[in-house]
Amino acid sequence: MFTAVLEDLTLLRESMSAIAELIDESDLLIRQDGIKMVASDRAVVVVVDLFLDKSAFKEYNYESDMRVGINLVNLLRVLKRAMPNDALQIKIDKSLELKL
């Protein structure tokens, strides 16, 4: 099980805005020290290496390493709808749940 709360969505929204222009889908690696994404575009011309340290999150409750596939375009759509004071809650158990 994994839960995290990110209060400042600016960094994630701006990062995903640039990344989603190049890459549609990727795996997020949930680790003890943070969330990592390494992905390339379909033509393997561009490689993105993104790391969000656990200190960027208000809450970061980690039990074990896991890999979660996510559609970056859809994630960006959700992030763009967030209001300035909204927080992102990520909960992963048997299913992936994102809440604003």
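Biologist: Which strand holds Val48?
Modeller: Val48 sits in strand β4. Strands (E, at least two residues) and helices (H or I, at least four) are DSSP runs, numbered from the N terminus. This is a predicted model, in which local features need pLDDT of at least 70, side-chain atom pairs count only at pLDDT 80 or more, and totals for chains, interfaces and linings use all residues. Residues are numbered from 1 along each chain as its sequence is written, and side-chain values use heavy atoms, with hydrogens and water left out.

Biologist: Is Val48 buried or exposed?
Modeller: Val48 is buried, because its relative accessible area is 11%. Buried means under 20% relative accessible area, exposed means over 50%, and partly exposed lies in between (1.4 Å probe, protein chains only).

Biologist: What is Val48 in contact with?
Modeller: Leaving aside neighbours within four places in sequence, Val48 is in contact with Ile19, Ile23, Met37, Val38 and Ala39. Contact means heavy atoms within 4.5 Å.

Biologist: What is the order of the strands in the open sheet?
Modeller: The order is β4-β3-β2-β6, 4 strands with antiparallel pairing. Two strands pair if DSSP finds at least two bridges between them. β4 and β6 are the edge strands, each pairing on one side only. From one strand to the next, the twist averages 20 degrees.

Biologist: How many bridges link β2 and β6?
Modeller: β2 and β6 pair over 6 bridges, in the antiparallel sense. Glu25 stands opposite Asn71 of β6.

Biologist: Which strands do the helices lie across?
Modeller: Helix α1 lies across β3 and β4, and runs at about 170 degrees to β4. Helix α2 lies across β2, β3 and β6, at about 75 degrees to β6. Axes are lines fitted to C-alpha atoms, for helices over the stretch in contact, and angles run from 0 to 180 degrees between N-to-C directions.

Biologist: How do the axes of α1 and α2 cross?
Modeller: Their axes come within 9 Å and cross at roughly 145 degrees. Leu12, Arg13, Met16, Ser17, Ile19 and Ala20 of α1 make the contact with Leu72, Val73, Leu75, Leu76, Leu79 and Lys80 of α2.

Biologist: Changing topic, which residues touch the most other members of the largest nonpolar core?
Modeller: They are Phe2, Met16, Ile19, Ile30, Met37 and Leu72, out of 30 residues in that core. A nonpolar core is a set of buried Ala, Val, Leu, Ile, Met, Phe, Trp, Tyr and Cys residues joined through side-chain atoms within 4.5 Å. Elements giving two or more residues to this core include β1 (2–6), α1 (10–20) and α2 (72–80).

Biologist: What does Phe2 touch?
Modeller: Not counting residues up to four places away in sequence, Phe2 touches Ile30, Ile35, Tyr60, Asn61, Tyr62, Met66, Ile90, Lys91 and Ile92.

Biologist: How many bridges join β1 to β7?
Modeller: The antiparallel strands β1 and β7 are joined by 5 bridges. Thr3 has Lys91 of β7 as its bridge partner. The covered face of β7 consists of Leu88, Ile90 and Ile92, while Gln89 and Lys91 form the uncovered one.
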